[in-house]
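Welcome! Have a look at the sequence and the 3D structure below, and keep them open while you read.

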Amino acid sequence: MTGANPRIVVTGLGLMTGLGLDLETSWRGLLAGETPAARFKSFDPEGLACPFGVELPDGANELFQSRIKKRHRSQMTRGTMLNVVTAQMAIEDAHFDGALLDRSRVGVVMGSTGTCYTWSEPTPDPQRILRVMPNAPAAWVSLGEKFGGPSLVVSTACSSGAYALAYAWMLIATGQCDAVIAGAGDSSINYLDVEGFGSLMALSEPVADVATASRPFDKERSGFVMGEGGGMLALETLDAAQRRGARVYAELHLPALTSETYNIVSPEPKGVGMAKAMSCALQNAALAPEAIDYINAHGTSTHLNDLYETEAIRQVFGAHAYSLAVSSTKSMTGHCLAGAAGVEAVVCCKAIEAGMLPPTANLRTPDPELDLDYVPNVARQKELRHAMSNSFAFGGHNGVCVFSKM
């Protein structure tokens, strides 16, 4: 650490979504407004009220096989493999190598809802303990990469990735690590979890064209569709990145972490808690509201989330709320649960790098209560100085990240 408040930057990205099995394919799909939601193929969804979602594309299993040893795969769930491979991609993108990196000072912080362990066979699973342990994703990355710094998993539902980025930021800022791999992935697409979210009335109602089911900010929205995916970021100080000539996607400011004290599944009315989290994020970044050009919204396609998030943005940004762009990429990726904040942090970094705003797909019927610029249906070119990523989770766990162009 070179000072009391080092600048911490993103030098590597890894991304896997229903739009693609790597960063560039997923990014192209997002800019194209692709909506890959379809009837579940990985299990029989007969009897589910919402039998569709966004699974990883064909080829995911082959990708896992090519990157993870067979013996190790037998000790992992699909969710763990997704996290491990996405982290590998971020590490490769950052061009970490032993000559310039002290691996004993590299940490791993991952957000997770668990390893997504399911077992329906009548015989015992001899690898159950290894496959079910919540710390497995971070442990496998540290083991595989010989990273000797802190390695941990944080679990705050849909904001887990934002919390992981905050802990990673603090590990570097306090001098405990030179670099950290941080983010989140999730593969909770199975009968029981889909049924459970359906019982909470959180999922989309049946629609004739399932590709249009996830429609954040649209008047006809009725709930989210579950997605599968993950996003990982390689973080280090700006000084370290410059010394090794690394590409820098963006600067990450200390994410804001707050808790609502209202309801286990519903945000506080009028978006009061959401507004507090966004205000704290601006304070951490020492930015005025007018500095933000783009918000990647939590935007779940549920009635209350989209309404309260819009109201919160109005509270925090005032008149500027009508000048900035807001979009929800969950309209395309589905809601990746713990993976959502990781995916959307990566999206913000790519938006800054490319000067492009991913759209909110399926926004066809304007809701008179929702009057911001949601970048409907078509990507837009825009140079970005500062972008915000919102994550508001069950349990009242709010996480907001701000990224800045370098």
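To compare two helices, we use an axis for each: a line fitted to the C-alpha atoms, taken for helices over the stretch in contact. The model you see is a predicted one.

**Helix α4 with helix α6**

- Helix α4 covers residues 78-94 and helix α6 covers residues 136-145; the two pack at an angle of about 45°, and their axes are 9 Å apart.
- Angles under 35 degrees count as roughly parallel and 65 to 115 as roughly perpendicular, and α4 and α6 are therefore oblique to each other.
- The crossing that α4 makes with α6 is right-handed.
- On the α4 side, the contact is made by T80, N83, V84, A87, Q88 and I91. On the α6 side, A136, P137, W140, V141 and E145 take part.
- Sorted by type, the residues of this contact between α4 and α6 are seven nonpolar, three polar and one charged.

**Helix α2 with helix α4**

- Helix α4 also packs with helix α2 (residues 60-67), here at an angle of about 65° and with the axes 10 Å apart.
- That angle makes α2 roughly perpendicular to α4.
- Is the crossing of α2 and α4 left-handed or right-handed? The crossing is left-handed.
- From α2, the contact is made by A60, N61, L63, F64 and R67. From α4, the partners are R78, M81, L82, V85, Q88, M89 and E92.
- The residues in the contact of α2 with α4 split into seven nonpolar, two polar and three charged.

**Cysteines**

- A disulfide is a covalent bond between the sulfur atoms of two cysteines.
- How many disulfides does the count come to? With a cut-off of 2.5 Å between cysteine sulfur atoms, the count comes to zero.
- Take C177: the closest cysteine sulfur belongs to C401 and is 18 Å away, too far for a bond. C177 counts as buried, because its relative accessibility is 3%.
- C349 is in no disulfide either, and the nearest cysteine sulfur, that of C348, is 7.0 Å away. With 0% relative accessibility, C349 counts as buried.

- You can find R380 in strand β13, which spans residues 380-381.
- R380 has 31% relative accessibility, so this residue counts as partly exposed.
- If you leave aside neighbours within four places in sequence, R380 is in contact with A325, G355, M356, L357, D373 and V375.
- R380 and Y322 are 58 residues apart in sequence, and from C-alpha to C-alpha they are 16 Å apart in space.

**Two residues with positive phi**

- Most residues other than glycine have a negative phi, and most peptide bonds are trans.
- A286, which is not a glycine, has a positive phi near 55°. A286 sits in the loop between α10 (272-285) and β10 (294-296).
- Is A286 buried or exposed? A286 counts as exposed, because its relative accessibility is 68%.
- V375 is not a glycine, yet its phi is positive, at about 50°. V375 lies in the loop between β12 (356-357) and β13.
- V375 has a relative accessible area of 0%, so V375 is buried.

Methods
Residues are numbered from 1 along each chain as its sequence is written. This is a predicted model: local features need pLDDT of at least 70, side-chain atom pairs count only at pLDDT 80 or more; totals for chains, interfaces and linings use all residues. Side-chain values use heavy atoms; hydrogens and water are left out. Axes are lines fitted to C-alpha atoms, for helices over the stretch in contact, and angles run from 0 to 180 degrees between N-to-C directions. Helices (H or I, at least four residues) and strands (E, at least two) are DSSP runs, numbered from the N terminus. Angles under 35 degrees count as roughly parallel, over 145 as roughly antiparallel, 65 to 115 as roughly perpendicular and the rest as oblique. A crossing is left-handed if the near helix is turned anticlockwise from the far one by less than a right angle, and right-handed if clockwise. Contact means heavy atoms within 4.5 Å. Ala, Val, Leu, Ile, Met, Phe, Trp, Tyr, Cys and Pro count as nonpolar, Asp, Glu, Lys and Arg as charged, and the others, Gly among them, as polar. Buried means under 20% relative accessible area, exposed over 50%, partly exposed in between (1.4 Å probe, protein chains only).
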